[in-house]
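Please look over the two chains below.

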4 protein chains.
Amino acid sequence: MPSATTSTSERVQDAALRLFAERGYHGTGIRQLADAAGLSSASLYHYMGTKEELLVAIMRSSLTGLLDAAEQVVQMDDPGERLDALVRLHVRTHATAPEQTRVVDDEVNALSAGARAEVVALRDRYETLWQSALDDGVARGAFRIGSVAVARRALLEMCSGVARWWTPDGELDLDDLQREYAGLARRLVGAPLRHAESW
Amino acid sequence: MPSATTSTSERVQDAALRLFAERGYHGTGIRQLADAAGLSSASLYHYMGTKEELLVAIMRSSLTGLLDAAEQVVQMDDPGERLDALVRLHVRTHATAPEQTRVVDDEVNALSAGARAEVVALRDRYETLWQSALDDGVARGAFRIGSVAVARRALLEMCSGVARWWTPDGELDLDDLQREYAGLARRLVGAPLRHAESW
Amino acid sequence: MPSATTSTSERVQDAALRLFAERGYHGTGIRQLADAAGLSSASLYHYMGTKEELLVAIMRSSLTGLLDAAEQVVQMDDPGERLDALVRLHVRTHATAPEQTRVVDDEVNALSAGARAEVVALRDRYETLWQSALDDGVARGAFRIGSVAVARRALLEMCSGVARWWTPDGELDLDDLQREYAGLARRLVGAPLRHAESW
Amino acid sequence: MPSATTSTSERVQDAALRLFAERGYHGTGIRQLADAAGLSSASLYHYMGTKEELLVAIMRSSLTGLLDAAEQVVQMDDPGERLDALVRLHVRTHATAPEQTRVVDDEVNALSAGARAEVVALRDRYETLWQSALDDGVARGAFRIGSVAVARRALLEMCSGVARWWTPDGELDLDDLQREYAGLARRLVGAPLRHAESW
DNA sequence: AATGAATGAGTTTTCATTCAT
DNA sequence: AATGAATGAAAACTCATTCAT
């Protein structure tokens with residue numbers, strides 16, 4: 001009898017998350033999924049639809065979580081502080097949930113057309129929040145940026161990278177990490193550095 | 001009879017490159033490879049070892065090419081110009097050979113342990129060149145950087161992203177693109193902007 | 001709570017009948033059966049034995065119903081009227097219960113040996129009634145038939161076909177249909193046509 | 001090394017024919033097919049597309065063969081002789097190729113929509129030949145029929161039945177069989193019996 | 001009476017690879 | 001150099017059935 005605090009379907013989701021992140025969607029078999037969840041491969045199908053639906057569920061929950069948080073953060077009025085908050089959110093999310101974010105970032109084209117459309121739509125909404133934040137900062141003279149589209153992509157790629165290397169055991173703790181990237185971002189957009197951070 | 005200027009094994013490599021980039025290593029079958037190369041799947045094995053060796057070959061050639069070029073560039077004495085050249089090389093490579101670089105970046109953990117070690121070693125040598133360039137710039141007072149390790153990763157991720165979106169038909173041509181990223185990089189490391197590029 | 005006039009096990013039989021007729025025994029899954037009956041697949045097993053027993057039950061009830069009715073009809077003394085009644089019964093049954101008859105006709109070799117023996121025995125008893133009716137008609141000079149065995153098979157196949165096309169909404173109503181086939185049967189056995197039906 | 005006179009793909013077709021006729025399409029597994037063809041289930045796929053395509057190929061070849069032959073036969077001018085020839089063709093085909101005809105007759109709704117459309121179209125063309133032959137016979141006073149549509153169905157069902165029981169080892173040889181059914185058919189359509197066949 | 005959970009064995013189909021020719 | 005033939009193992013998924021609750 002499984003633990004009362006972890007439902008079987010959570011275990012399935014967790015196993016899928018871990019394996020998809022580690023070996024990729026196509027590199028992960030149903031049998032491996034079943035093993036990792038402690039089930040037979042037939043039993044797996046009590047807790048999921050298809051393998052692809054499992055992937056979509058992971059992506060959707062990850063993206064909607066990030067999107068919701070970003071929509072809060074974006075309410076801030078000051079362009080510099082707004083960007084700062086976006087960067088910290090993005091970095092924090094990628095540092096603390098690297099498996100989710102890696103799956104979202106790496107497996108989009110494992111999806112079939114219909115599912116891909118949904119996921120890409122979510123991702124686009126998120127990126128639009130960044131684009132607007134940058135546009136607004138430029139319009140209000142807070143940022144000096146050559147190409148906003150390039151800067152947006154550069155910022156996002158740069159911040160997403162933490163999912164590929166950061167661990168809580170390393171030299172930088174989560175606060176350091178966020179502070180560091182916030183500083184890089186301010187430089188990237190040509191914003192004045194904040195008081196105590198002159199390096 | 002195939003063209004005299006394109007050997008069959010080049011056609012195989014090209015097909016693999018295209019397909020691995022598009023659908024991933026695990027998402028690409030031997031028969032698709034054979035179709036794309038215009039061969040039967042059995043004939044394919046005259047021009048390659050295993051599917052994995054094909055992947056390794058692609059990665060090795062891509063990485064050694066970049067590494068060789070970087071080793072030239074790194075000879076430059078001036079830290080700012082040296083970084084500038086590294087960025088331009090990296091961006092140019094990712095823009096003009098996006099399939100190679102995407103395969104290298106995305107498929108490393110499709111490799112078995114032995115092959116992975118080789119590829120990771122090459123990648124590490126390349127990243128070490130960047131690390132040294134940044135360290136030297138800091139030591140000589142040309143750059144002001146919080147964490148060099150973070151900056152190195154941020155720079156590389158940011159520049160690699162180009163392979164995911166740039167096309168020659170877009171708003172920025174290759175020169176614009178390199179200039180743009182060079183500017184972003186200088187800001188990131190806290191180096192003075194070059195003469196004509198004040199934004 | 002289900003209707004008081006339709007028991008759950010009747011609903012199961014009905015669902016099975018419909019699905020077996022539509023998609024065949026092997027083409028129908030237990031879960032489809034359960035869905036159609038409004039039950040879970042586990043609950044299904046409160047109302048049936050195995051899937052095969054369900055099929056046998058359908059076949060048995062269909063065949064015994066037909067057999068009982070035929071045994072009544074066969075009491076008639078006049079060979080022509082007897083055949084007429086047999087044809088009408090067979091046609092009426094196949095027209096009004098096409099699902100039952102199609103399952104009986106089509107799924108016999110989905111059965112395992114034991115079950116098949118039982119069903120085939122019932123079918124043979126039914127066909128023997130026809131055979132006797134024809135033999136008697138020939139013996140008494142009412143019918144003129146080359147091979148009685150061939151005629152029996154021809155008659156039965158011809159009449160059974162009704163289950164594959166007749167609907168109450170078509171050009172012929174049930175009376176027309178029975179009259180039509182009765183006429184064909186009389187011709188087939190070389191019996192004189194009845195008074196008002198000369199065509 | 002297989003026989004020089006029977007190709008492997010013929011063996012596959014033969015095995016499929018036999019098994020589909022015996023146990024039905026859904027009742028026949030790929031493994032059984034492979035066993036019967038003397039191949040591994042993977043090797044099977046060198047000689048066929050999907051299991052369904054195998055079924056369609058069987059149906060198509062059977063139906064087009066019958067249709068071609070019928071189109072010849074239908075050229076005859078005399079309605080009685082024409083019907084006679086159609087009946088003999090149909091009976092002969094069902095007697096000598098009972099597996100093909102049973103598969104065609106019984107497995108149509110195992111097909112997916114697209115394939116079914118093709119097969120049904122062929123079958124409809126064949127039945128239209130019969131319908132025309134009957135219509136013409138009625139129009140020219142050679143046949144006296146209540147409902148031509150009913151008679152057509154009755155005739156076809158009756159003749160198709162031979163695929164379910166006739167064997168060359170029984171009481172009737174192939175000539176007897178054709179003669180017998182031709183006689184039944186003439187009676188069915190109210191055509192005068194031919195000279196030597198008064199029964 | 002009813003069902004979620006579970007599964008071993010099955011389904012059709014594809015996998016990467018080998019080998020005789 | 002090229003390929004048809006072949007396959008064991010695996011892919012994702014469904015099967016009919018059981019059982020504890």
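Which helices of chain B each supply at least two residues of the lining of the largest cavity? They are helix H5 (79-96) and helix H9 (174-188). Helices here are DSSP runs (H or I, at least four residues), numbered from the N terminus.

This is a predicted model, in which local features need pLDDT of at least 70, side-chain atom pairs count only at pLDDT 80 or more, and totals for chains, interfaces and linings use all residues. Residues are numbered from 1 along each chain as its sequence is written, chains are lettered from A and ligands numbered from 1 in the order in which they are written, and side-chain values use heavy atoms, without hydrogens and water.

A cavity is a set of points on a 1 Å grid over the protein atoms alone where a 1.4 Å probe fits but cannot get out. Points are joined across faces, edges and corners, and the volume is the space filled by probe spheres set on them. One cavity of 30 Å³ or more is counted. The volume of the largest cavity is about 30 Å³.

Its lining residues (an atom within 4 Å of a point) are B:Gly80, B:Leu83, B:Asp84, B:Val87, B:Ala182, B:Ala185 and B:Arg186. H5(B) gives the largest share, four residues. By class, four lining residues are nonpolar, one is polar and two are charged. Ala, Val, Leu, Ile, Met, Phe, Trp, Tyr, Cys and Pro count as nonpolar, Asp, Glu, Lys and Arg as charged, and the others, Gly among them, as polar.

Methods: On a 1 Å grid over the protein atoms alone, a cavity is a set of points where a 1.4 Å probe fits but cannot get out, and a pocket is an open set with protein on both sides within 12 Å along at least five of seven lines; lining residues have an atom within 4 Å of a point.
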